[in-house]
Amino acid sequence: MTASTSAAARTNDELARRLDEIDHQGYTIVEDALDPAFTVSLRDAVRAQFDELGIEPKGNRAEGFATKRLYNLVPRAEIFERLPTHAPVLELAEAVLDRDLILSGTTAMDIGPGERLQGLHADDGLFAIGRPHRPMMVTTIWALTDFTADNGATRIVPGSHRDPGHPDPDDDSIAIAAEMPAGSVLVMDSQLWHCGGPNSTATEWRLGLNVQYVRGFFRTQQNHYLSIPHDKLAQYPQRLRKLLGFELHRGIMGHVDGASPASAVGADDGSQGAYAGSSEDNVFGTTQAD
Ligand SMILES: O=C(O)CCC(=O)C(=O)O
């Protein structure tokens, strides 16, 4: 076995182990998903945005009373364009869903001293398709500071992704803190019951990012068609444009008079347009041009 073959085998073994963890307990924690320099740069970029935009806590239970939050990160700074395609995270999300997945949203969540429990929920709890179901959404929570039980580490209920019901938001006794060092990413099947934890420290802020993916045929949580400036879109790599939902899903879904959303807003993606594909990608079978 050559060195590169054995590295690939190790990678495959690790992927299989992580998929098994997500299948059985609903989550996995990838401790070295972000290198230290990237972690610091992301942390600085988020906090610069908070300052520039004058972000203050929204003052409701879901978004927090002592938590700064910011949505739609991708177009706000160049470094955020790397979030959706960051390989160790995207590869895992693709393995749980498939390569047609799209980005559901990007959110920064900086939990401040004194914050209370957010309330247990499942991120795909709005999908009225019954529980449990095969994974439809993957939530990834990136630790840009250390996450501790005291400073608001995400609270999770292992195995709850298989529970047919929804949690009591206030019954935190069944949850554990997903403690992890800065640079780690918690990857979960979005059926898992979880929430932002309370922050009982006097001075520590706990900064996390939520980069969330969903199968390509669902509505996304954040609306990229209206929030991504089209001139920026035209400069983005094709994989990022696809993740943002600007290419057709399986050659058809999302078309605008037959064109992809990217073409329709002048960021041509070179695609053939809806119904042109003659493959297993659409449901109409092979096109006969006679
Ligand atoms: O901040 C966290 O750790 C989780 C937040 C969360 O679950 C949410 O806002 O939906």
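A residue is near a molecule or strand if its C-beta atom, placed from the backbone, lies within 6 Å of it. The structure shown is a predicted model, in which local features need pLDDT of at least 70 and side-chain atom pairs count only at pLDDT 80 or more, while totals for chains, interfaces and linings use all residues. Residue numbers start from 1 along each chain, as its sequence is written.

**The ligand.** Select the ligand first. Around it stand Met109, Gln118, Asp123, Ile141, Thr154, His194, Cys195, Gly196 and Gly208. This shell has three nonpolar, five polar and one charged residues (Ala, Val, Leu, Ile, Met, Phe, Trp, Tyr, Cys and Pro count as nonpolar, Asp, Glu, Lys and Arg as charged, and the others, Gly among them, as polar).

**The sheet.** Next, display the strands (DSSP runs of E, at least two residues, numbered from the N terminus). Six of them form an open sheet in the order E1-E7-E4-E9-E3-E2, with antiparallel pairing; strands pair if DSSP finds at least two bridges between them. Strands E1 (27-30) and E2 (67-71) are at the edges with a single partner strand each, so one side of each has no neighbour in the sheet.

Now select E1 together with strand E7 (residues 185-189): four bridges join them in the antiparallel sense. Within this pair, Ile29 has Leu186 of E7 as its bridge partner.

**The domains.** Finally, colour domain 1 (16-214) and domain 2 (223-284) separately; these bounds come from an automatic or database domain assignment. Their centres, taken over C-alpha atoms, are separated by 28 Å.
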